Amino acid sequence: MTVSYSLEVADAKFGGFCKLLLRWKGSIYKLLYRDFLLFCGVYLFFSLFYRFVLTPRQQDLFERIALYCDQFTNTNFIPVLFVLGFYVTLAFNRWWGQYTSFPLPDNLMMAVSGNVHGADERGRLLRRTLMRYANLSSVLILRSISTRVHKRFPTLEHVVDAGFMTSDELKKFESLHSDFNKYWMPLTWFSNLASRAREEGRVRDDIALRLLMDELNNYRAKCSLLFHYDWISIPLVYTQVVTIAVYTFFAFCVIGRQFLNPEKGYKDHKLDLYVPVFTLLQFFFYSGWLKVGELIINPFGEDDDDFETNQLIDRNIQVSMLAVDDMYQNLAPLVRDKHWAQRHFSVPYTVSTAAEGLRPAFKGSTFDMRMSVEDFEIHQQTESSGKYFPVNGGAGDGLNGLLQKGRGFLQRLSLPSVLDVSSNLEDDDDPPESHEQHKITIKVTEEPHH
């Protein structure tokens, strides 16, 4: 069963996650304790073998080997962090994609309940059969990818006994020969039956039929996506590289992280602690990371945190039949709501949530922004009859001639505009020895088309 702890972490508080560390089901301890005990046992074996079995000459040889292996326990030689982190990220994205691809019949059952009409037995039979076909398709695809569902329905006869398929439908299913998975067959029955309901007038127009087909295709696409997730795995070579990298790294650690005789003055071997605390923590983190990848790479198994596929099957068939049968046109009487005569009303709070009603509503991040008085002043345009483009320059005559040629060119092209050019000579406030400046203003006005 999927381990849920959402309630325990609903509020961020001191030691909130610490309570989760004491859980066993679904924990990293349950996944890793065998590997951890094996690593500790192998490390202890070499430690005792080095200390009490080897002769002094053999101990010298062992120490040289340990120093040599310790060089390769640096992650620069074996990039454990890189390959392991990228692999787990890839596996998590795959896990989330499979979760979002699970075929839920909610949208389809709403479309069937609202568009396949008839309160008689025929209408009820059509709606229930349509949703039974949809659920049958999901059962068939889950039998192909989930070990839990396959153990529940090992043969198609078990599917018939469960009520997802009739004996006649089983004969038709088996009579169609195909070398591939036939999970799509019930969805084909669904589309044919929906077309027949349209011919009978149970589906009243083509728009409603189109809605049914669109929801059916969305449902089918998710079934197909689950099948392809099961078919196309993460490349085996990458899984092998990650596994070999982690196991090789800790194989060197078993020898290279041994505590050597501090009296011989080896570098970084000044203490003899017997227990390699940080090496064990490193094994716990790296191997635990690898176990997380192993856990989520296929969530359709029987691990504690794998998807509850059997429970989802039970839920889907129950709610779909309730929606299209028991709830069809089963409405409460239309009455005026409690706030019918009130234009402005508020929904009451309980005592524990009353303080939330006193908080002002959020209206936008700039709603309370402070501005100066000058920011509220409106800028007035000096000329409203046209657009002015001032140009300052020292060569007034040359610009005048250029503008005159441009005006003639525009007139020859018959553009709906008149270019008025006025050249105003202004005296500069600079000293007399400085050269004069000319200010030329171009005014563009639009004339209506004739």
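1. Basis. Because the model is predicted, local features need pLDDT of at least 70 and side-chain atom pairs count only at pLDDT 80 or more, while totals for chains, interfaces and linings use all residues. Residues are numbered from 1 along each chain as its sequence is written, and side-chain values use heavy atoms, with hydrogens and water left out.

2. Overall content. The protein has 14 helices and 3 strands; helices (H or I, at least four residues) and strands (E, at least two) are DSSP runs numbered from the N terminus. Of its 450 residues, 34% are buried. Here buried means under 20% relative accessible area, exposed means over 50%, and partly exposed lies in between, with a 1.4 Å probe and protein chains only. Among contacts (heavy atoms within 4.5 Å) with a separation of 6 or more, 72% join residues 24 or more positions apart.

3. A nonpolar core is a set of buried Ala, Val, Leu, Ile, Met, Phe, Trp, Tyr and Cys residues joined through side-chain atoms within 4.5 Å. The largest one has 48 residues, and Val112, Leu142, Val159 and Phe190 have the most contacts inside it. At least two residues each come from α4 (106-115), α5 (121-145), α7 (156-161), α8 (167-175), α9 (185-199), α10 (206-231) and α13 (309-326). The most is given by α5, with 11 residues.

4. Val112 and the second core. Beyond its neighbours within four places in sequence, Val112 is in contact with Arg127, Leu130, Met131, Phe190, Leu212 and Val324. A second, separate core has 30 residues, including Tyr50, Ala66, Leu290 and Ile296.

5. Helix pair α2 and α11. The axes of α2 (residues 56-71) and α11 (residues 236-256) come within 8 Å and cross at roughly 145 degrees. These axes are lines fitted to C-alpha atoms, for helices over the stretch in contact, and the angles run from 0 to 180 degrees between N-to-C directions. The crossing is left-handed, a term for a near helix turned anticlockwise from the far one by less than a right angle, with right-handed for clockwise. On α2 the contact is made by Phe62, Ile65, Ala66, Cys69 and Asp70, and on α11 by Phe252, Ile255 and Gly256. By class this contact has 6 nonpolar, 1 polar and 1 charged residues, where Ala, Val, Leu, Ile, Met, Phe, Trp, Tyr, Cys and Pro count as nonpolar, Asp, Glu, Lys and Arg as charged, and the others, Gly among them, as polar.

6. Helix α12 (277-296). The end C-alpha atoms of α12 are 29 Å apart, which agrees with the 28 Å that its 20 residues should span at 1.5 Å a residue; the expected span is 1.5 Å times one less than the number of residues. The buried residues of α12 include Phe283, Tyr286, Gly288, Leu290, Lys291 and Ile296. Their cover includes α1, α3 (80-100) and α11.

7. Helix α13. From first to last C-alpha, the 18 residues of α13 reach 25 Å, close to the expected 26 Å. Thr309, Ile313, Asn316, Ser320, Met321, Ala323, Val324 and Asp325 are its buried residues. Among the elements covering them are α4, α5 and α6 (147-152).

8. Phe164. This residue lies in the loop between α7 and α8. Phe164 has a relative accessible area of 6% and therefore counts as buried. Its C-alpha is 6.1 Å from that of Arg132, which is 32 residues away in sequence. Leaving aside neighbours within four places, the contacts of Phe164 are Arg132, Asn135, Leu136, Val139, Phe153, Val159, Glu169, Ile313 and Ile317.

9. Positive phi. Asp268, in the loop between α11 and α12, has phi near 65 degrees, a positive value in a residue other than glycine. Its relative accessible area is 67%, so Asp268 is exposed. Tyr274 is also in the loop between α11 and α12, and its phi is near 70 degrees, again positive in a residue other than glycine. At 51% relative accessibility, Tyr274 counts as exposed.

10. The segment before α1. Val3 is found in the segment before α1 (28-53). Val3 and Asp306 are 303 residues apart in sequence and 9.0 Å apart in space, C-alpha to C-alpha. Not counting residues up to four places away, Val3 touches Arg23, Lys25, Gly26, Asp304 and Asp305.
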